[in-house]
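Me: I've got a fold to look through and I'd like to talk it over. Can you take me through it piece by piece?

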Amino acid sequence: MLEAMRMRLASLAVCVLSSIAIAAPEATVTLVPTLDEPVFQATISGAPPVVPSAVTLRDAQTGARVVASGVTAYRDAQDAIAIAFVYAGGEVFLGNDDFEPYDSPARYPGFLKDLQRGLDEARLTTLFPATSKAVAIAYATRAEVIAPMGPLEDLHGASLGTQRDYYGKIGAELVAGIEAGLVELGRTNAPRRALVVIGDGNDTNNETAVRALAELKKRAAREGVQTFAIVTKGYLSDDTTVVDRFTSRTRVLASSEALPAALAAIATELAQRFDVTFPSTHVAKDGRPHDLIMSLAGEDLEPVTVQMPSALMPATRACSTWWRQLGIGAALVGLLALGAWVVNRRAAVR
């Protein structure tokens with residue numbers, strides 16, 4: 001009976017996860033100077049990498065189109081990410097069944113083991129660039145850094161400790177946890193940053209937390225931090241949820257058994273990104289803005305405006321070349337005249 005109930009809960013959790021809307025792919029495009037012809041460097045987020053022939057770039061003004069010359073998966077890209085995992089650190093949330101007697105009324109399984117399993121099964125190092133980093137922060141009566149900001153490969157489920165490490169801890173200072181996460185992310189120079197909240201979605205004082213979370217949402221947006229939340233209710237949790245005032249990317253789970261799948265889904269979403277290179281020969285260097293439309297597997301993305309540089313006209317180039325040749329000729333004539341004068345001068349002295 002208990003096993004059947006667990007299976008139904010896990011099934012419901014999957015349904016909740018799958019109901020979250022997937023954002024459409026987005027693109028950024030910049031013109032990068034090179035020794036020869038400048039090239040377009042583009043980043044597509046929200047989609048897995050494809051072969052170069054599946055990506056094209058079109059000039060909306062002229063219709064001229066070019067196929068990508070190269071594609072780089074995010075794992076091999078340069079824009080590493082720093083991730084802050086901020087989770088509820090109270091004893092009841094994380095569990096105490098490893099040391100509380102089986103028949104104790106104070107025995108709670110909690111979600112620490114599922115969280116640890118999720119971190120290990122997400123295989124984060126296979127998704128993100130090698131120089132990516134992560135930090136783990138637990139919040140109870142205060143926020144506490146459990147695993148300091150360091151290389152992503154150093155963060156494992158075991159980094160969070162054991163249930164005994166959280167014994168006697170109470171409270172759920174969600175706001176303090178998020179603030180600590182943003183501070184840790186702000187200390188890094190990572191090009192990308194993300195914060196993942198894991199808990200029952202509530203603060204010790206929800207009334208004051210609502211306004212604070214709204215301000216933290218604005219702060220995260222200003223600082224370019226992508227935000228996510230995973231909500232799983234504990235034995236003493238109430239039905240309210242305020243973490244959605246901080247982020248709209250909130251996953252609500254029926255049980256903590258779905259935590260590994262939720263963490264994997266967030267990691268995959270963050271890693272849905274790749275870089276593309278295009279030659280720029282199809283867009284005029286006319287000093288004007290051009291709307292460029294990237295097509296991914298036949299589907300057009302939103303146009304991106306790029307300011308093109310000015311280029312010398314052929315006639316101007318020819319004129320410039322003529323003047324350079326004339327200057328070189330004049331210099332040679334001057335040197336010949338100076339040589340003749342010196343020879344004549346020496347002859348006169350003799």
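Me: How many helices and strands does the protein chain have?
Reply: A quick note on the ground rules: this is a predicted model, where local features need pLDDT of at least 70, side-chain atom pairs count only at pLDDT 80 or more, and totals for chains, interfaces and linings use all residues. Residues are numbered from 1 along each chain as its sequence is written, and side-chain values use heavy atoms, leaving out hydrogens and water. Helices (H or I, at least four residues) and strands (E, at least two) are DSSP runs, numbered from the N terminus. Counted like that, the protein chain has seven helices and 15 strands.

Me: What percentage of the residues in the protein chain count as buried?
Reply: Buried means under 20% relative accessible area, exposed over 50%, and partly exposed in between, using a 1.4 Å probe on protein chains only. The protein chain has 350 residues, and the share that counts as buried is 40%.

Me: Which residues have the most contacts inside the largest nonpolar core?
Reply: A nonpolar core is a set of buried Ala, Val, Leu, Ile, Met, Phe, Trp, Tyr and Cys residues joined through side-chain atoms within 4.5 Å. The largest one here has 63 residues, and strand S6 (residues 81-88) gives the largest share of it, eight residues. Top of the contact list in that core are Phe128 and Leu195.

Me: How are helix H4 and helix H5 oriented to one another?
Reply: Two packed helices are described by the angle between their axes and the distance between the axes. Axes are lines fitted to C-alpha atoms, for helices over the stretch in contact, and angles run from 0 to 180 degrees between N-to-C directions. For H4 (residues 174-186) and H5 (residues 206-222), the axes come within 10 Å and cross at roughly 15°. Angles under 35 degrees count as roughly parallel, over 145 as roughly antiparallel, 65 to 115 as roughly perpendicular and the rest as oblique, so H4 and H5 are roughly parallel.

Me: How many charged residues are in the contact of H4 with H5?
Reply: Leu174, Ile178 and Glu179 are among the H4 residues there, meeting H5 residues that include Ala212, Leu216 and Arg219. Ala, Val, Leu, Ile, Met, Phe, Trp, Tyr, Cys and Pro count as nonpolar, Asp, Glu, Lys and Arg as charged, and the others, Gly among them, as polar. The contact has 10 nonpolar and no polar residues, and the charged ones number two.

Me: Is Glu184 buried or exposed?
Reply: Glu184 lies in helix H4 and touches Val135, Ile137, Val145 and Met149, not counting residues up to four places away in sequence. The C-alpha atoms of Glu184 and Met149 are 7.2 Å apart, though 35 residues separate them along the chain. With a relative accessibility of 14%, Glu184 is buried.

Me: What is the phi of Arg123?
Reply: Most residues other than glycine have a negative phi. Arg123 sits in the loop between H3 and strand S7 (133-139), and counts as exposed because its relative accessibility is 54%. Its phi is positive, near 50°.

Key:
Contact means heavy atoms within 4.5 Å.
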